[in-house]
Amino acid sequence: MRILVANVNTTASMTDSIAAQARSIAAPGTDIVGITPRFGADSCEGNFESYLAAIAVMDAVTSYPEPFDAVVQAGYGEHGREGLQELLDVPVVDITEAAASTAMFLGHKYSVVTTLDRTVPLIEDRLKLAGLDARCASVRASGMAVLELEEEPDRAVEAIINQAMQAVSQDKAEVIVLGCGGMAGLDEQIRQRAGVPVVDGVASAVAIAESLVRMRLSTSKVRTYAAPRPKTVIGWPLGGAVMAAAGNGAG
């Protein structure tokens with residue numbers, strides 16, 4: 001089984017960290033391939049960068065030359081998952097939905113701890129769109145920018161732990177969700193300090209993707225996520241490849 005894990009930004013070191021976390025949870029025999037978009041922002045922290053990332057990830061995935069069995073979109077609260085589902089015949093799992101749905105197996109309410117405050121509304125909207133907001137106690141910002149997670153890891157961990165503990169004590173959260181792909185691998189440190197289960201979106205998405213592949217399940221194509229209708233696409237980064245790529249992925 002081969003799973004593509006797509007970083008939503010162009011920072012290659014973050015792709016490496018995300019892929020490492022994915023490999024740590026993947027079953028033996030699962031090949032994890034981390035992919036970095038060829039264009040876009042070095043970090044995604046707003047609507048413009050998120051929409052740009054959606055196009056960039058579709059470009060990166062449909063340009064991948066080998067067969068694959070599933071895709072994980074490793075950006076918390078980012079746009080684009082729906083487009084990938086139209087383009088591909090294999091399962092597409094977004095870490096936002098994977099983490100939140102996993103958290104609901106572990107407690108009555110969960111809270112998300114993310115990066116900057118400006119990303120909070122984006123995450124709230126994505127959770128609402130996915131129908132996962134009813135059991136979300138809060139979405140809290142650590143105040144750390146995405147790239148600071150790598151540049152100042154100790155400070156970042158402390159900021160995340162602080163918000164996680166407040167979510168538990170003030171918002172009555174019983175589970176913490178890490179609200180950024182760049183937080184991959186921090187779950188154990190935060191769990192020890194916060195005293196509640198901590199869900200990493202990358203790990204959750206990989207586990208769900210593997211399960212879907214093993215059950216031979218993928219996106220329904222009868223209506224919402226049917227393949228794009230053949231059209232002439234002008235000036236799109238994917239070029240004419242977008243229609244040729246529809247239905248790609250089975251391997």
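Helices, here meaning DSSP runs of H or I with at least four residues, and strands, meaning E runs of at least two, are numbered from the N terminus. Counted in this way, the chain contains 10 helices and eight strands. The radius of gyration of the chain is 17 Å, close to the 18 Å that the globule rule gives for 251 residues, so the chain is as compact as a globular protein of that length. The structure described here is a predicted model. Along the principal axes, the C-alpha atoms occupy a box of roughly 55 × 35 × 30 Å.

Turning to burial and surface, 51% of the 251 residues in the chain are buried. The accessible surface of the chain amounts to about 11100 Å², and carbon and sulfur atoms account for 52% of that area. As for charge, the chain carries 20 positive and 30 negative side chains, with 8 Å between the centres of the two sets.

The contacts within the chain are also worth a look. Of those between residues at least 6 apart in sequence, 71% join residues at least 24 apart. A141 and D117 are separated by 24 residues in sequence, yet their C-alpha atoms are 4.9 Å apart in space. With neighbours within four places in sequence left aside, D117 is joined by T114, T115, L116, V120 and Q163 as the residues in contact with A141.

How values were computed
Residues numbered from 1 in each chain as written. Predicted model: local features only at pLDDT ≥ 70, side-chain atom pairs only at ≥ 80, totals over all residues. Heavy atoms only, no water. Rg over C-alpha atoms; globule rule 2.2 N^0.38 Å. Buried < 20%, exposed > 50% of the residue type's maximum accessible area, 1.4 Å probe, protein only. Contact = heavy atoms within 4.5 Å. Areas by Shrake-Rupley, 256 points an atom, 1.4 Å probe, with all protein chains shown as cover. Lys, Arg positive; Asp, Glu negative; His and termini not counted. Charge placed at Lys NZ, Arg CZ, Asp CG, Glu CD.
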